[in-house]
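Open the model in your viewer and keep the selection tool at hand. This tour goes stop by stop, saying what to pick and what is found there.

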There are 2 protein chains.
Amino acid sequence: MKQLKLGAFLSVPGNHLAGWRHPDAVPETDMDFDWYMRLAQMAERAKFDTIFFQDTVAVAGSDALKAGDLTRTRLSRIVKLEPTATLAALAVGTTHIGLIATATTTYNEPYNIARRFATIDHISKGRAGWNLVTSQTEDEAGNFGLDQHVEHATRYERAAEFYEVVTGLWDSFEQDAFPRDKASGIWFDRDKMHFLDHAGKHFKVRGPLNVARCPQGWPVVAQAGSSEPGRELAARTADVVFTAQTEIEAAREFYADVKGRTARFGRTPDDIKIMPGLTPVIGRTEAEAHEKYEELQTLLPDDVALAALDRFTRGIDIYSHPLHGPMPDLPEANSAKSRQALIMAMARKDNLSLIQTARAVSAAQGHRVVVGTADHIASEMEAWLKAEAADGFCIICNHYPRPLQDFCDLVIPELQRRGIFRTEYAGATLRQNLGLKVPGNRFALR
Amino acid sequence: MKQLKLGAFLSVPGNHLAGWRHPDAVPETDMDFDWYMRLAQMAERAKFDTIFFQDTVAVAGSDALKAGDLTRTRLSRIVKLEPTATLAALAVGTTHIGLIATATTTYNEPYNIARRFATIDHISKGRAGWNLVTSQTEDEAGNFGLDQHVEHATRYERAAEFYEVVTGLWDSFEQDAFPRDKASGIWFDRDKMHFLDHAGKHFKVRGPLNVARCPQGWPVVAQAGSSEPGRELAARTADVVFTAQTEIEAAREFYADVKGRTARFGRTPDDIKIMPGLTPVIGRTEAEAHEKYEELQTLLPDDVALAALDRFTRGIDIYSHPLHGPMPDLPEANSAKSRQALIMAMARKDNLSLIQTARAVSAAQGHRVVVGTADHIASEMEAWLKAEAADGFCIICNHYPRPLQDFCDLVIPELQRRGIFRTEYAGATLRQNLGLKVPGNRFALR
């Protein structure tokens with residue numbers, strides 16, 4: 001039977017914008033590394049394929065904060081640990097779970113990124129993954145010398161070239177390049193070292209990378225963009241796609257579309273694992289689950305909800321629209337294209353007012369929230385798996401640690417009982433657990 | 001009594017270019033993280049203040065390798081783990097020792113560096129240090145889009161501004177900026193968040209950093225440049241100076257000069273700890289120690305020694321000079337200024353031939369080698385400490401793990417017996433163990 005892939009998106013201190021205010025919540029999970037380690041180990045005990053960290057290289061909402069908007073002092077996602085250093089540290093306290101983090105192609109150099117993820121793959125003995133993104137927010141531009149954010153098409157063009165350089169650098173050495181032979185004094189085999197000599201529009205990189213070939217050949221490459229250029233890049237290059245999908249039909253369309261594009265790039269549909277986000281709200285009964293959800297919503301003031309929505313509504317001033325009037329149309333913007341489309345689709349579908357939209361966005365952050373018993377949630381996951389709407393899910397919790405613990409204790413056993421999730425790790429590397437091929441070395445194949 | 005500060009420079013697989021060929025050597029220490037961890041824990045058991053990783057963002061000798069020079073396939077320092085990820089991972093398996101690594105200001109963005117070292121400081125609970133350098137080699141330029149290496153003065157100008165931005169970002173939040181108060185819903189105190197708004201010649205960075213204030217206030221800042229602009233920058237900004245000093249008189253001059261410059265910047269001589277490199281070759285008798293050194297030299301072929309020297313002799317072709325003739329003069333070059341001066345001084349002082357210079361460089365890599373009994377080595381260290389030639393030393397081993405283990409087992413107890421080295425860690429943070437002040441927050445002080 002086809003098995004689910006599961007990622008734990010450690011969205012500390014919680015995905016729901018008021019989740020941290022819940023009596024069970026530990027809000028210090030945003031900066032306290034010991035909590036990061038406990039959460040990673042919790043996910044590993046439950047046999048998750050991987051943990052995953054999102055990233056932005058700015059304090060979200062910097063513009064508004066600078067302009068004096070004090071509402072944002074009630075938004076919890078301001079600081080956190082830098083994800084690549086965190087992955088490396090988590091590798092030491094875990095043994096099987098994958099370690100995926102976001103690093104932007106917009107404000108990094110490919111040599112530095114290739115090197116760091118290759119190193120994490122060595123430290124973790126084959127469990128590293130890089131989520132390749134383009135930077136989405138104006139807040140980030142101001143930290144890297146730019147007054148304006150880089151345009152969407154240019155970002156994707158740079159991202160595609162960045163990917164070529166990074167993977168090319170990962171091929172710098174073949175697996176057996178280093179005999180380190182004391183008798184002859186030969187340290188390495190020159191024929192198994194390769195210069196990349198890349199010269200493109202955005203980058204000029206000679207190589208070789210100063211890290212030996214990774215245990216996984218290459219770290220796993222994940223992507224999260226759902227726009228047209230994002231789908232195209234994913235079909236060509238991604239091993240894993242994290243995506244926000246709230247409706248099964250739209251998810252099936254996305255799944256079929258991305259997998260359908262792979263053949264053009266000499267790949268198979270199985271070479272990509274599609275993992276939508278899913279936020280569980282678990283109760284012993286359906287009623288209890290809905291009460292839990294409503295309890296979180298009562299912790300969320302309207303003005304905080306509006307501030308959260310405002311992050312995704314560049315181009316219009318939501319504060320000039322009536323709270324209880326219909327959600328105004330969002331113009332096509334330069335940032336976070338597909339997120340805006342999802343918000344509009346949700347608002348129109350349920351005929352939501354502006355404030356209802358804001359409250360739903362604050363609760364879900366664009367992802368699918370499933371409220372119910374463990375059996376209900378497992379059934380939903382199974383249905384999506386069987387309908388080819390998902391290969392698995394990225395589990396996002398409203399606060400930490402309790403909802404993750406509940407998912408591990410209540411939903412995982414139900415998935416195992418249904419025979420759609422492992423009870424033990426089968427592979428030693430993340431690629432093996434995800435059922436992904438080890439990439440060949442482009443130079444050795446010549 | 002004044003106490004020595006000790007750093008373990010984990011120069012895997014060994015500082016002596018043929019060290020890896022020694023029967024006791026484990027050459028895999030360059031890529032095997034488990035060995036990095038064992039070496040860090042070994043240094044911690046011996047109460048070293050810190051470990052330290054050097055860094056270059058290239059395979060050394062790429063130019064020559066590309067041109068077909070196969071001698072370099074016998075040079076062992078080709079690949080290694082990226083140091084910042086490695087520090088983060090080592091934080092998890094250690095509790096007291098400092099964790100310092102090099103990151104270049106030439107090919108990084110200050111926001112990314114500020115963030116990563118702040119994160120390592122959080123993960124390690126106050127043990128991180130950043131060794132600020134400018135990139136020295138032409139090999140590196142080719143990996144970052146440049147055909148030619150950046151000029152020395154420009155690199156230092158950028159480095160100085162980079163430091164201002166990084167430390168400014170470390171002041172983004174005050175220590176108590178995050179009440180995370182569930183009752184009121186207030187996550188953070190806007191008055192304790194600070195925008196940097198830096199706009200200089202090389203960087204334009206708004207801030208704030210998306211990491212809370214570090215346990216140490218700022219991670220420790222180390223520097224290694226010994227040129228005129230290097231000394232000036234160190235006097236103004238460094239907490240620790242790693243330096244190559246082979247003669248006590250020159251070391252005293254350097255020590256007095258750098259400390260003497262501090263007053264101009266409102267600092268005291270005690271605010272900087274000066275730690276020259278020292279490579280011990282330890283025997284039970286002086287004769288045994290010298291035999292050990294000669295044993296290493298027999299493992300070093302002449303052509304490998306010449307290739308090693310060639311790394312530091314940009315501007316002349318050493319291969320066009322007679323092997324047994326005098327060491328030719330080195331012109332002033334753009335890269336590694338002070339290293340070239342040291343090599344010339346050593347060659348002239350002992351009237352060395354070209355090949356003798358090459359063999360000495362390969363053995364020492366510019367650092368001081370002390371050959372003798374544990375008592376002899378401890379006496380040398382004590383003499384430098386008392387003569388104000390050093391506040392401590394950075395111990396560099398010819399191969400790993402044995403020479404480091406010998407230093408810990410034989411020299412450390414002798415230093416402790418003399419009352420010049422700790423028997424237990426007194427502080428919880430690296431700053432505390434090094435006797436350094438916690439920096440104030442520039443915004444809070446206004």
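## Stop 1: a loop with annotated positions

Start in chain A with Ser226(A), which sits in the loop between strand E7 (220-223) and helix H7 (228-237). Keep in mind that this is a predicted model. Is Ser226(A) buried or exposed? Its relative accessibility is 15%, so Ser226(A) counts as buried.

UniProt, in an unreviewed entry, gives the feature "binding site" at Asp55(A), Thr102(A), His152(A), Tyr156(A), Ser226(A) and Ser227(A). His152(A) belongs to helix H6 of chain A, residues 152-170. With 7% relative accessibility, His152(A) is buried.

The side chain of Asp55(A) forms a salt bridge with that of Arg115(B), at 2.5 Å from N to O. This leads to the two chains together.

## Stop 2: two chains, one axis

Zoom out until both chains are in view.

## Stop 3: where the chains meet

Color the contact residues. Chain A contributes 83 residues and chain B contributes 83 residues. Of the interface residues of chain A, 100% are also interface residues in chain B, so the copies meet through the same surface.

The size of an interface is often given as the accessible area lost when the parts come together. Here chain A and chain B bury about 7,000 Å² between them, and 59% of that is on carbon and sulfur atoms. In chain A, select Lys182(A), Trp187(A) and Arg206(A). These residues lose the most area to chain B, together 12% of what that side buries.

How many salt bridges cross the interface of chain A and chain B? The count is 12. For one salt bridge between the chains, select Arg180(B) and Asp30(A), whose side chains meet at 3.0 Å, N to O. Arg180(B) is in the loop between helix H6 (152-170) and strand E5 (198-199) of chain B, while Asp30(A) is in the loop between E1 and helix H1 (33-45) of chain A. Arg180(B) is buried at 14% relative accessibility. Asp30(A) is buried too, with a relative accessible area of 0%.

## Stop 4: salt bridges within chain A

Over all chains, the structure holds 88 salt bridges. Select Asp391(A) and Lys2(A): their side chains form one at 2.6 Å, N to O. This pair links distant parts of the chain, 389 residues apart. Asp391(A) lies in the loop between helix H13 (374-386) and strand E11 (392-396), and Lys2(A) lies in the segment before strand E1 (5-9). Asp391(A) is buried, with a relative accessible area of 3%. Lys2(A) is partly exposed, at 39%.

Then take Asp171(A) and Arg213(A), a salt bridge at 2.8 Å, N to O. Asp171(A) is in the loop between H6 and strand E5 (198-199), and Arg213(A) is in the loop between strand E6 (204-205) and E7, so the pair ties together parts 42 residues apart in sequence. Both Asp171(A) and Arg213(A) are buried.

For a group, select Glu228(A), Arg231(A), Glu232(A), Glu253(A), Asp257(A), Arg261(A) and Arg264(A). Salt bridges link them in a network.

## Stop 5: a covered helix in chain B

Move to helix H12 of chain B, residues 354-364. H12(B) is mostly covered, with 9 of its 11 residues buried. The buried residues include Leu354(B), Ile355(B) and Ser362(B). After H12(B) comes Gln365(B), with a positive phi near 50 degrees.

Asn15(B) touches Gln365(B), and its other contacts include Ser362(B), Ala363(B), Ala364(B) and Cys397(B). Asn15(B) lies in the loop between strand E1 (5-9) and helix H1 (33-45) of chain B. At 2% relative accessibility, Asn15(B) is buried.

## Last stop: the cysteines

How many disulfides are there over all chains? The count comes to 0. Select Cys394(B): the nearest cysteine sulfur, that of Cys397(B), is 10 Å away. Cys394(B) is buried at 3% relative accessibility.

Note on methods. Residues are numbered from 1 along each chain as its sequence is written. Chains are lettered from A and ligands numbered from 1 in the order in which they are written. This is a predicted model: local features need pLDDT of at least 70, side-chain atom pairs count only at pLDDT 80 or more; totals for chains, interfaces and linings use all residues. Side-chain values use heavy atoms; hydrogens and water are left out. Contact means heavy atoms within 4.5 Å. A disulfide is a pair of cysteine sulfur atoms within 2.5 Å. Buried means under 20% relative accessible area, exposed over 50%, partly exposed in between (1.4 Å probe, protein chains only). UniProt positions are given in the numbering used here, feature names are shortened, and annotations may be inferred rather than shown by experiment. Helices (H or I, at least four residues) and strands (E, at least two) are DSSP runs, numbered from the N terminus. Buried area is the accessible area (1.4 Å probe) that two parts lose on being put together, summed over both. A salt bridge is a side-chain nitrogen of Lys or Arg within 4 Å of a carboxyl oxygen of Asp or Glu. Lists of a residue's contacts leave out its neighbours within four places in sequence.
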